[in-house]
Amino acid sequence: MFLPRDLISKVYLHLQSTCHPLSPPVLILVALEPDAVCACRIFTRLLKHDFIPHKIVPVPGYADLERIGKDLVAPMMKTRGGQGGIVVCLGVGGMADLGLVLGLEPEGEEETYGGVEVWVADAHRPWNLGNVFGACPLEPQTETATTFSARTPPGVRGGRIDRAYRPGKGGIIVLDDGDIEEDLTKEKEAFLALTDMPEIEDDGEDLGDSEDESEDEEDGDEPAIHAGTKRKSWSIDDEDSDEDDRPRQRRRSNSSSPIPDSPRRPAQRGLVSLRDDAAIFSDDRLDPPSAAQPPRGPSARTLRRRLLRIKREKENVLSNYYRMGTSYSEPISSMMYALASELGREDNDLLWLAIVGVTSMELYGRTSAGVAVPARGVEGRPTSGWLGVRGARIRQLFRDEVRRLNPPEITPGRSSPESSGIIPTTARNPEDTSIRLSPEPKLLLVRHWSLYDSMLHSPFLFSRLKTWSETGLKRLHKLLAKMGVSLVQCKQSYTHMDMQLKRELRTKLLKYASLYNLDELVPSIDTDGKDRGGAKDGWGFVRSWGWRATLSAQDVGIIIGALLEVGKDAPLTAGQNGGSSQDMTDLADDAAPSEEWMPRFWQAYDALEDIESLKAGLPTAKYLHKAIFTTGTAILKKKQISHLRAFRMCVVKDSPDSTLFNHPGALTKLALWIGEALAEQEKDSTGRLALGGRGTPLVVASLDEKRGVYVVVGTGGGGGPDTTFLDREAAKKKAEERAERQKRRQIKEKIREEKRAAKRLAKGDAEDGEEEEDDDDESESESEDESDEEDEDDFENRGRGYGLNKFGTAFQDVVAETNARVRIDSFEHCVVEVKKEDLTGFLESLSMKAVVG
């Protein structure tokens with residue numbers, strides 16, 4: 001089931017009104033990523049405000065999710081002695097069959113879920129359609145209610161929850177951010193059609209076309225079906241009927257993330273029956289049929305072939321959706337802030353957590369095209385930034401919220417430093433905890449580093465100036481010299497730099513940016529005329545904690561990410577973990593690093609509320625990004641990047657910091673760092689990016705010597721403009737233009753008919769010339785229609801799935817075709833673990849797959 005965006009507070013209000021001191025605690029399952037941690041902080045603040053008990057459980061991957069379902073979720077079911085309750089999944093399980101993974105649909109039992117209600121908020125796409133349109137406790141089967149749609153709970157129509165729905169019976173409720181209702185209409189129809197379809201075994205026979213069916217009807221010797229006789233199942237083997245009652249899952253022994261092949265069907269379902277059989281067939285054998293009797297209906301074989309054809313068509317719709325590629329939608333921290341806003345609980349603390357969560361998505365390259373490099377200015381087309389137009393709307397909404405909750409202080413004769421382009425580094429007063437808009441340049445931790453180090457470790461400058469080479473470093477020094485900043489000044493802490501230099505920094509960067517291909521380094525301060533403050537597109541967010549600290553949202557996102565990936569004590573222990581390789585007999589039996597990651601979750605969770613813990617994580621963030629710069633520079637300098645058929649490839653090993661990149665998050669950052677540099681190289685050498693402006697994909701593997709595996713991550717070439725949204729808007733515009741042309745054509749046709757009638761009455765000599773003119777108009781309209789059809793075909797060819805990251809499905813295909821020992825356990829399906837000895841064969845098979853839609 002899915003909950004529409006305008007009813008997002010419905011289930012929470014029900015929880016608030018029914019909770020009592022003896023209620024079981026709300027179980028919150030949280031992914032180990034900054035966006036999910038921020039969303040968890042927002043949600044727990046709401047629960048604490050309403051005195052609702054809760055329990056937080058971090059979930060690193062699918063194996064841990066299955067274990068938690070067995071140990072914590074399944075015992076909550078009333079059928080197993082529990083009291084029911086609420087389970088909230090934040091960034092967890094949106095792409096998996098949660099009813100199966102959490103053990104809420106036990107085999108052989110009619111009653112499912114047992115009063116356990118699962119709320120799912122996840123930005124990963126594609127959705128598991130079983131969670132979205134099914135996954136609800138069915139009503140008892142009656143004579144009138146035999147199909148899945150008829151047995152859904154009251155208030156649920158086609159998987160959509162409306163205002164009449166009463167929570168508390170259990171099921172899986174997906175929080176919709178708007179994508180389900182807008183984009184999944186076709187998939188919804190296919191899913192519901194398959195759930196209501198009778199059981200039929202598909203043996204792979206060639207069904208031919210409809211003409212073959214008509215021939216079968218003429219020549220078939222199938223006996224007629226008499227009314228009152230019991231209809232047999234379409235299935236050839238009745239033994240498989242029990243297995244077909246639940247969805248078929250492609251479960252592999254080395255994969256913890258099954259991909260559903262067909263949707264879930266109810267445990268008991270009536271068969272399709274022919275209505276008004278008595279009108280077609282005669283019950284009385286002694287009564288001969290009359291001459292006026294209607295012709296005999298289609299044979300059972302013909303009906304079976306028709307049903308098989310419909311089934312295959314609907315299954316292809318679902319299969320195409322699952323294989324379309326991965327992408328990201330609205331961050332869950334933004335969804336939780338929307339819930340708080342619906343409840344009237346929004347404040348500066350919750351707004352700041354939402355801003356940090358949304359900002360962290362951009363740091364990890366999570367775009368509308370999946371995990372990909374944020375390509376900028378592709379082929380002269382204006383980019384719409386991270387997450388396309390939706391991301392721009394979210395940021396604009398947050399800027400409006402900042403203005404609403406933090407009204408500016410009006411002081412006569414004084415203006416705020418950020419209004420003149422200066423980056424704020426201190427609070428306005430000792431008690432200042434406000435959030436401000438700031439013209440943040442694309443520099444890294446500039447408030448807490450020197451200007452030189454901040455520019456050197458910035459991925460934007462790294463790719464544009466090519467600072468991995470000596471020539472790039474000279475280019476950086478030359479830029480600083482032109483700006484009039486000495487190396488002595490720029491290598492000291494930014495907060496202690498000369499005030500005059502800081503005032504003029506933005507102006508000088510704007511002056512010389514175009515000379516070094518740094519046009520988007522500093523955001524503009526032009527107003528758009530819509531409000532007094534202007535849109536301030538590209539501006540960042542800054543918050544102060546009195547005199548103790550002033551941090552930007554990007555700074556906090558970087559620190560929280562570093563704490564999750566490395567931990568606070570990493571600078572003291574890194575470099576000592578790379579011991580000798582251990583022989584392992586089975587990849588599934590070795591101890592996953594999730595036990596090491598759990599304490600890091602609580603460090604990051606505490607740092608979001610404790611400014612001192614957050615400041616203590618700054619050295620960790622600097623250490624991680626120094627390692628990324630050093631490793632990325634070594635790979636590019638030594639030219640360790642090989643170009644395979646479908647993607648580029650590099651391996652991280654024999655590096656002093658290689659142990660840091662055994663974490664998928666840190667390895668993803670390194671891959672995005674290198675990928676952005678390669679995209680700039682590709683654009684400089686060829687003048688454009690491959691794959692329609694996306695750029696060549698990149699696969700990066702890091703060797704974990706201790707466990708004897710390679711951690712592999714596949715990133716798309718570049719996020720680029722939001723082509724999906726732009727194509728959709730273009731299609732709407734063309735449809736409007738087509739309707740306008742059709743309207744004008746009808747008006748012209750009406751006028752021509754009136755003229756013809758008038759001339760026919762007056763004189764009939766001029767009819768020939770008029771007809772020729774009309775023929776020209778008709779040919780012109782036909783050419784317009786043909787061009788519209790061509791545009792529509794082009795849009796369909798590059799519509800859904802265009803440019804998406806398809807490494808997840810490519811990894812699954814390679815596992816199915818080869819004997820490579822691969823573990824797919826991460827919620828990021830573009831991340832896998834491959835046995836050390838099997839990497840070569842794995843990459844050879846992967847190079848033959850389509851990795852970008």
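Predicted model: local features only at pLDDT ≥ 70, side-chain atom pairs only at ≥ 80, totals over all residues.
## One face of helix α1

Helix α1 spans residues 10–18, and within this helix Val-11, Tyr-12 and Leu-15 are buried. Viewed down the axis of α1, the buried residues fall within an arc of 100 degrees, so they line one face of the helix.

The model holds 32 salt bridges. Let us start with the one between the side chains of Arg-366 and Glu-33, where N and O are 3.1 Å apart. Arg-366 belongs to strand β11 (residues 366–367), while Glu-33 is in the loop between β2 (26–31) and α2 (34–49); the two are 333 residues apart and link distant parts of the chain.

Glu-680 and Arg-464 make another salt bridge, with their closest N and O atoms 3.1 Å apart. Glu-680 is part of helix α26 (residues 664–686) and Arg-464 is part of helix α17 (residues 459–465), so this pair ties together parts that are 216 residues apart in sequence. Both Glu-680 and Arg-464 are buried.

## A strand, a loop and a network

Glu-833 pairs with Arg-707 in a salt bridge whose closest N and O atoms are 2.8 Å apart. Since Glu-833 is in strand β21 (residues 831–835) and Arg-707 is in the loop between β18 (698–704) and β19 (709–715), the pair ties together parts that are 126 residues apart in sequence. Glu-833 counts as buried at 13% relative accessibility, and Arg-707 counts as buried at 8%.

Salt bridges can also share partners: Arg-45, Asp-347, Asp-349 and Arg-543 are joined into one network in this way.

## Backbone details to look up

Where can you find a cis peptide bond? The bond from Arg-125 to Pro-126 is cis, with omega near 15 degrees. Pro-126 is placed in the loop between β6 (124–125) and α5 (129–133).

Phe-51 is not a glycine, yet its phi is positive, at about 55 degrees. Phe-51 is in the loop between α2 and β3 (54–59), and with a relative accessible area of 74% this residue is exposed. Tyr-113, also a residue other than glycine, has a positive phi near 70 degrees. Tyr-113 is in the loop between α4 (98–101) and β5 (116–121), and at 1% relative accessibility Tyr-113 counts as buried.

## Phe-148 and Met-197

Finally, have a look at Phe-148 in helix α6, which runs over residues 148–151. At 6% relative accessibility, Phe-148 counts as buried. The C-alpha atoms of Phe-148 and Met-197 are 9.3 Å apart in space, and the two residues are 49 residues apart in sequence.

Key: Residues numbered from 1 in each chain as written. Heavy atoms only, no water. Buried < 20%, exposed > 50% of the residue type's maximum accessible area, 1.4 Å probe, protein only. Helix = DSSP H or I, 4+ residues; strand = E, 2+ residues; numbered from the N terminus. Arc of directions from axis to C-beta. Salt bridge = Lys/Arg side-chain N within 4 Å of Asp/Glu carboxyl O.
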